[in-house]
Structures are given as structure tokens and as C-alpha cells.
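Here's a quick briefing to read alongside the model. Have the sequence and the structure open as you go.

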Amino acid sequence: MITSSANQQMKRVMQLNRKAKTRYEQRVFVVEGIKMCMEAPKEDIVAMYVSESFLLEEQNCQRLQRYSYEIVADHVFQIISDTKTPQGILCLVKMPEYTMENLWENFSNSHLLILESIQDPGNLGTIIRTGEGAGITGIIMNKTTVDIFHPKTIRATMGSLYRVPFYITADLPETIEYLKEKGVSMYAAHLKGTISYEQPNYRKATGFLIGNEGNGLSPEISKLADTWIKIPMEGRVESLNAAVATALLMYEVNRQRRIF
């Protein structure tokens with residue numbers, strides 16, 4: 001049993017939780033909780049740690065029968081956990097590796113999100129989770145978007161991180177131009193949009209450009225869109241939360257493709 005937070009394994013967990021640089025150097029990230037650990041691809045789990053109290057429940061012991069794990073004293077687990085009320089189980093998981101080609105089966109049915117500098121990890125996680133539900137084929141983001149392996153992002157995905165392909169691009173404009181050349185129509189969710197988001201035909205290859213929570217899309221990225229669309233607003237509201245707005249757009253694609 002590990003009884004000290006000075007243990008090298010525990011120090012590694014804390015570093016991975018706190019520093020994106022460490023995560024990318026080691027190509028490993030931390031997931032917490034029963035659901036996230038049990039849904040992680042078993043072959044990608046590098047290490048598993050459980051608290052003493054976690055093992056007091058027979059159901060938890062049964063869940064762990066297929067796994068190798070280290071037992072950690074409760075007070076140490078509290079220190080290494082990124083949550084205030086840890087569930088008593090966490091894993092180190094290998095980062096998935098995707099290429100652009102992993103984001104679609106073929107270009108004709110692609111349904112992509114292209115994110116520019118999303119800053120809130122909860123928003124990003126919610127977008128990924130909702131995207132899986134809406135049937136997106138992948139997510140593209142620039143390097144100034146919050147780290148997809150941030151602990152809060154991971155929790156917000158509720159497991160969708162394992163199943164939604166993503167690609168982090170060093171040159172977002174170039175990537176968008178490449179997709180347009182392949183026949184992907186680009187729609188910018190923009191305050192100056194002239195048509196409602198429900199009007200375009202999304203049954204062909206579609207990409208939505210989604211901007212930063214505070215500033216929206218940059219002029220450089222906005223001008224790459226084929227169409228600027230808007231979400232109609234009532235009252236005095238000017239815009240919606242980025243994750244909420246993205247959900248409306250993704251599910252409109254889903255609705256059109258189911259009905260027509």
C-alpha cells in the first residue's frame with residue numbers, strides 16, 4: 001500500500017494533473033472516477049490506483065477483477081485527486097493519437113467542429129460529450145484552445161473523450177482551407193450572421209467554426225467561412241454559452257440527416 005504523497009508514483013500523478021507540459025511529454029493523462037476508469041480502453045491504461053475505502057465495497061472489488069492496481073491510503077488519495085470528493089479510483093491512460101483522416105469515414109458525410117481558442121475546460125468537455133450524442137465525426141482545434149486533457153475537460157466529457165476523434169492543428173487557417181478543398185462547407189456561428197442556423201442544408205459534408213467564449217471567432221477565421229449563420233435571440237440576450245450554441249448547431253445537422 002502507498003502511504004505517502006512523497007512516493008514517486010504519487011508525485012507523477014500530481015504532476016500529470018497540474019501540468020499540460022508533463023502530460024504531453026509523457027503522452028499520458030489522468031482520469032478519475034468509476035465511469036471514466038471502467039470505460040478507458042484497457043490496453044491504454046498505464047496504471048490504476050484505488051483508495052483503501054474504495055475496496056470496502058464488494059461491488060467495487062468485482063469491477064477490478066480484470067485489472068492490476070495499486071492501493072493508496074485514503075489520506076494520500078485525497079491529496080493526489082483533482083476533485084474535492086474523490087470516488088477512490090483513478091487511472092493513468094495513454095493519449096489517443098489521431099490523424100486528420102481519422103475524423104471522417106469519407107468526406108461526403110463528415111460532420112466536424114472546428115474550435116478556435118475555446119478557453120473553458122468545462123465548455124470543451126461538454127462540447128465533446130454533446131458532439132458524440134449528435135453524431136459528429138470529429139473535432140479540430142487550434143493550439144490555443146484549452147488542453148483537451150485538462151482534468152476538468154476530461155470529467156466533463158463523461159467518457160466521450162475515448163470515442164470522439166480529435167486533431168490539434170498548428171495552423172488552423174491552413175487546415176480549414178484544406179477541408180474546404182475537400183468539399184466541406186464551412187459555417188461560422190457569428191453575431192453578424194444573416195441567416196438562421198436552421199436554413200442551410202447540412203446533409204452534405206459540414207463544418208462549424210466555433211470561436212472563443214469572450215471574443216467569438218477572429219476576423220481571420222470568420223472570413224474563411226462559406227456562410228455566417230446566427231441563432232435567433234429573444235429578449236436582451238446577445239449570445240449563448242459556447243457549448244449551448246454548439247449543441248444547437250450539431251443537433252440541427254443530426255435532425256436533418258435523420259429526417260431527410
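About 40 Å³ of space lies in the largest cavity. A cavity here is a set of points, on a 1 Å grid over the protein atoms alone, where a 1.4 Å probe fits but cannot get out; points are joined across faces, edges and corners, and the volume is the space filled by probe spheres set on them. This is a predicted model, so to speak of local features takes pLDDT of at least 70 and side-chain atom pairs count only at pLDDT 80 or more, while totals for chains, interfaces and linings use all residues. Residues are numbered from 1 along each chain as its sequence is written, and side-chain values use heavy atoms, with hydrogens and water left out.

**The cavity**
- The structure holds one cavity of 30 Å³ or more.
- Its lining (residues with an atom within 4 Å of a point) is made up of Asn-17, Val-30, Val-31, Glu-32, Pro-151, Ile-154 and Arg-155.
- Strand 1 (28–32) and helix 7 (151–157) are the elements that give two or more residues to that lining; helices (H or I, at least four residues) and strands (E, at least two) are DSSP runs numbered from the N terminus.
- Sorted by class, the lining has four nonpolar, one polar and two charged residues, where Ala, Val, Leu, Ile, Met, Phe, Trp, Tyr, Cys and Pro count as nonpolar, Asp, Glu, Lys and Arg as charged, and the others, Gly among them, as polar.

- Asn-17 sits in helix 1 (residues 8–18).
- Asn-17 counts as buried because its relative accessibility is 9% (buried is under 20% relative accessible area, exposed over 50%, partly exposed in between, with a 1.4 Å probe and protein chains only).
- Leaving aside residues up to four places away in sequence, Asn-17 touches (heavy atoms within 4.5 Å) Arg-23, Val-30, Glu-32, Ile-80, Ser-81, Asp-82 and Pro-151.

**Cysteines**
- The disulfide count comes to zero, going by cysteine sulfur atoms within 2.5 Å.
- Cys-37 is buried at 0% relative accessibility, and Cys-91 is buried with a relative accessible area of 0%.

- Seven strands form an open sheet in the order 7-6-5-10-8-11-9, with parallel pairing; strands pair if DSSP finds at least two bridges between them.
- Strand 7 (166–169) and strand 9 (195–196) are the edges, each pairing on one side only.
- Strand 9 runs parallel to strand 11 (residues 227–230), joined by two bridges.
- Ile-195 has Ile-229 as its bridge partner in strand 11.

Conventions. 1 Å grid on protein atoms, 1.4 Å probe; cavity = no way out; pocket = protein on both sides within 12 Å on 5 of 7 lines; lining within 4 Å.
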